[in-house]
Amino acid sequence: MREIKFRAWDKVNKRWIKLWKLCFAVTGELMAVDDIEGEVYGLHQVKLTQYTGLKDKDGKEIYEGDILKNLGMIEWGEEGENPEGTGWIIQDFHGEYHYTDAFTTPKEVIGNIHETSELLGKG
């Protein structure tokens with residue numbers, strides 16, 4: 001079973017925050033996130049990215065939005081976007097989408113959509 005983890009990008013200050021907890025309403029809706037220093041971030045301020053359960057060739061965890069060398073950016077594909085159903089897909093350097101069965105060989109994280117989006121413009 002895959003470990004469920006997230007990381008959080010502060011869209012306002014352009015930095016990763018040290019995520020401490022997710023805050024939910026009694027209805028189950030995600031309302032905010034807290035960092036390890038106790039600061040609260042509204043959902044308008046952060047972008048949560050989920051751990052894929054995969055690691056790259058160096059053991060680095062691969063998260064949604066990470067850019068993989070010679071592949072592109074990994075993201076979550078809902079049914080209809082992904083021919084295999086709901087699951088992880090790759091947006092390649094040309095903007096086309098591919099199912100993640102390409103993960104049978106080790107990959108290398110070279111950046112992410114938040115800090116190094118210019119990498120997606122290069123193939």
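Setting aside neighbours within four places in sequence, Lys-69 touches Glu-108 and Ile-110, where contact means heavy atoms within 4.5 Å. This is a predicted model, where local features need pLDDT of at least 70, side-chain atom pairs count only at pLDDT 80 or more, and totals for chains, interfaces and linings use all residues. Numbering starts from 1 along each chain as its sequence is written, and side-chain values use heavy atoms, with hydrogens and water left out.

Back to Lys-69: Gly-111 sits 42 residues away in sequence, yet the C-alpha to C-alpha distance is 8.8 Å. Lys-69 itself is partly exposed, at a relative accessible area of 42%; that class lies between buried (under 20%) and exposed (over 50%), using a 1.4 Å probe and protein chains only.

As for its setting, Lys-69 lies in the loop between strand 8 (66-68) and strand 9 (72-77). Strands here are DSSP E runs of at least two residues, numbered from the N terminus. The two strands form a hairpin with three residues between them, and Asn-70 takes a positive phi near 65 degrees there.

| Strand pair | Bridges | Direction | Residues standing opposite |
|---|---|---|---|
| strand 8 and strand 9 | two bridges | antiparallel | Ile-67 and Met-73 |
| strand 9 and strand 10 (residues 87-91) | five bridges | antiparallel | Gly-77 and Gly-87 |

How enclosed is strand 9? Five of its six residues are buried, so strand 9 is largely enclosed by the rest of the structure.

Terms used
Helix = DSSP H or I, 4+ residues; strand = E, 2+ residues; numbered from the N terminus. Pairing = 2+ DSSP bridges.
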